[in-house]
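Here are some friendly notes to read beside the model. Please keep the structure open and find each place as you go.

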Amino acid sequence: MKIEVSWFYYASIIVSLLAFGAAFWLYKWVASQPSSNKRIEEVGQLIRNGANTFLAKEFKTLGRFCAVAAIIIFILLPVPIWTGNLMDNISMAVSYLFGTCFSAVAGKVGISIATIANIKAAEASTKGIKPSFMSGFRGGAVMGMAVVGSSLLGVTLVLMFTDNTTALLGFSFGASSMALFAKAGGGIFTKTADISADLVGKVELGIPEDDPRNPAVIADNVGDNVGDVAGMGADLFDSNVASMAAALVMASALDKITGGSMNMSMVFCYAAIGLFSSIIGVLTAKMNDKGNPTRALNSNTYVTTIIYGVLTALATYLFNFEWRIWIASVIGLCVGVLIGIASDYFTNDTKKPVHAVAKASESGPAFTILSGISYGLMSTLPSMIGIGLSALAAYKICEPLGEGYPMFGIAMSAVGMLSIVGMIISNDAYGPIVDNARGLVEMGDLGDKALEITDSLDSAGNTVKAITKGFSIGAAGLTVIALLGAFISEVNAGALEMGKEVLTGFDVLNPVVFFGLLVGAAIPPVFSAMLMLGVDRNAQRMVEEIHRQFREIKGLKEGHKDAVPEYDKCIRIATDGALKELIPAGLMTILATILVGFIGGVQAIGGFITGNIVSGLIFALFMSNSGGLWDNSKKYIEAGHNGGKNSETHKATIVGDTVGDPFKDTAGPSINTQITVISLVASLTATLFLTFSLFG
């Protein structure tokens, strides 16, 4: 039986539509849940308005950037317009804009449901943990289904209409550039508000986390949505598209050599099955009345993983796909789960590292910081080994298939790791939804029982968020290794046309390669510093505003009913500062890539990407896990351990959590997008670097 890739185009479109149908049903279910508390509705509306206002301003700023980028792409890519085919340049620019639009929609969908689900989960907490959990999870699942359905549909449509994998890289670059700025901007916004609210509210005044007297409390809840929901949605949309793009670039090259379309068909088949497995996992997810929310979230992931493994094995048998490629994809998925387990160990408040940091905090905040950084650094080793072993195993397993297949095996390992990304996003979006719900419970004064339930849900959200971040970072690691292979494919295609020598690898003893390696390794720490300094500058402005309001609004500190904080001023500070700070860091990474390419050519870029991958993965894992560890150490003490709330130990962990906030929610998760952006820029500009470079 001859396999036609068009079959899998249509299958992917059908599964994408099923995902949209599931998202619509889940949306209607969440929206139909009761909510009668007037105070919660009022606060929820403030959060929704703030989130939508920020998103509108952010999209306006990014729209101008993307328009300029599209014009540059049209003029220069895939080759300068005066030397190539006009239609190729047009399709590249249109694909780029298509990617930015899809990524923006992913963020908008997330905000729309999250700002409804938080109200429903808060109200449901008065009835028990099960209805509150289901409202939060199904709210997150709307985003999971919509984001992955959009990514699969977008990739399919680009290839159907252009039949050009280079245009697919343009689509992926559009998604990545939007994700980079959305994650950076949302991360700066949310941590500006979170740090300011904690420092003034908890540390200075000793008032509860979501006390409505605090002028920054609404901005903090808005930040959960624009950073953790819209930003992470765009981030995982980008990761999923990039993994498919890298695999399809290599699959297309292999199919041209062997004839037929077996390899491209396999990529679409596995991606569609991954989304279908996530649909089943999401729709069958449940929790008992006395269940553990962390266990429920993790079991949903494991069920989806098993469904994917069984269905892809069946498809491999039916369509006579290569079993070695299937093994590579399953290895990627299993390693993704193992990376999640490793992240869980270092961040879960039932495990030793959190207890050790809480104990160390009895001696003051310096020991909170020292112990948290130390465990964060230790946490990078298991995940780095996992990523390395996954790439090595996939390479070696596929090596007997012939030239080109080892790197394709790594690409399929990344596709496998991200195959259940629909469930991963559902779990990830659950976190900020229940975090908001906890704040609404406190502001709506729904009682201690409801607060206890939402605290439990929030703690599970923090733990699972650390797991999903570890998962996405691991997937980014494999994806960019595959993108390095895609870069070599693009370089060699250009080299053959120009009659130049093809690339077989990069020699680190070559000074040009080593130059690129060192510069590439330095980009993630500089990128992280720029983002965290943005949070620092913005938070200082907001702290001054909070102090002013407590000083000038009579009765605010005492909680008089007629003393109302000026929430909108804190939201404006967070918005203006985030929009001011989000462009420079992202632009720096793109310009650095182009500069290194024009100095050292494709050899320097090979070293640049390699150094960026290794350094970026370490920094991303370290910062995400350290931040999660500090956050859950604080929550562990708030649960009554090591002195409990308002003790000196508690204040020490608040300082740790304040340091960890921009680690885990601004810089850390933005780095994996930065790595992807650099790899895609390199692939898209490969022909330019072959033509123009000083030492290439």
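1. Let us begin with a term. On a 1 Å grid over the protein atoms alone, a cavity is a set of points where a 1.4 Å probe fits but cannot get out, and its lining residues have an atom within 4 Å of a point. Grid points are joined across faces, edges and corners, and a volume is the space filled by probe spheres set on the points. With that rule, the second largest cavity comes to about 80 Å³.

2. A word on the model and its numbering. This is a predicted model, in which local features need pLDDT of at least 70 and side-chain atom pairs count only at pLDDT 80 or more, while totals for chains, interfaces and linings use all residues. Residues are numbered from 1 along each chain as its sequence is written, and side-chain values use heavy atoms, with hydrogens and water left out.

3. Which residues line the second largest cavity? They are Val148, Ser151, Leu152, Asn240, Met244, Ala271, Gly274, Leu275, Val415, Leu418, Ser419 and Val421. Helix 4 (129-162), helix 6 and helix 7 (262-284) are the elements that give two or more residues to this lining; helices here are DSSP runs (H or I, at least four residues), numbered from the N terminus. By class, the lining of the second largest cavity has eight nonpolar, four polar and no charged residues. In this grouping Ala, Val, Leu, Ile, Met, Phe, Trp, Tyr, Cys and Pro count as nonpolar, Asp, Glu, Lys and Arg as charged, and the others, Gly among them, as polar.

4. Now turn to the largest cavity, with a volume of about 230 Å³. There are four cavities of 30 Å³ or more by this rule. The largest cavity has 23 lining residues, and Asp194, Glu209, Asp224, Asp435 and Asp631 lie nearest its centre. Its lining divides into one nonpolar, four polar and 18 charged residues. At least two lining residues come from each of helix 5 (165-205), helix 6 (217-258), helix 14 (421-443), helix 15 (448-498), helix 17 (567-638) and helix 18 (648-684).

5. Charged pairs deserve a look of their own. Side chains of opposite charge can pair when their charged atoms come close. A salt bridge is a side-chain nitrogen of Lys or Arg within 4 Å of a carboxyl oxygen of Asp or Glu, and the structure holds 23 of them. One of these joins Lys634 to Asp631, with the closest N and O atoms 3.8 Å apart. Because Lys634 and Asp631 are three residues apart in helix 17, about one helical turn separates them. Both Lys634 and Asp631 are buried (buried means under 20% relative accessible area, exposed over 50%, partly exposed in between, with a 1.4 Å probe and protein chains only). Through shared partners, salt bridges join Lys191, Asp194, Asp458, Asp631, Lys634, Lys635, Asp657, Asp661, Lys664 and Asp665 into one network.

6. Here are two further salt bridges to find. Glu42 and Arg39 meet at 4.0 Å, N to O, and both lie in helix 2 (residues 38-76), three residues apart, about one turn of the helix. Glu42 is partly exposed at 39% relative accessibility, and Arg39 is partly exposed at 30%. Asp211 pairs with Arg213, the closest N and O atoms being 2.8 Å apart. Is Asp211 buried or exposed? Asp211 is buried, with a relative accessible area of 9%, whereas Arg213 is partly exposed at 22%.

7. Some backbone details are worth checking. Where is Pro78? Pro78 sits in the loop between helix 2 and helix 3, and the peptide bond from Leu77 to Pro78 is cis, with omega near 5°. Asp163, in the loop between helix 4 and helix 5, has phi near 50°, a positive value in a residue other than glycine. Asn646 is not a glycine either, yet has a positive phi of about 65°; Asn646 lies in the loop between helix 17 and helix 18. Asp163 counts as exposed at 65% relative accessibility, and Asn646 counts as exposed at 55%.

8. Last, visit Pro293. Pro293 belongs to helix 8 (residues 293-318) and is buried, at 4% relative accessibility. Pro293 and Val464 are 171 residues apart along the chain, with their C-alpha atoms separated by 9.7 Å.

How values were computed: On a 1 Å grid over the protein atoms alone, a cavity is a set of points where a 1.4 Å probe fits but cannot get out, and a pocket is an open set with protein on both sides within 12 Å along at least five of seven lines; lining residues have an atom within 4 Å of a point.
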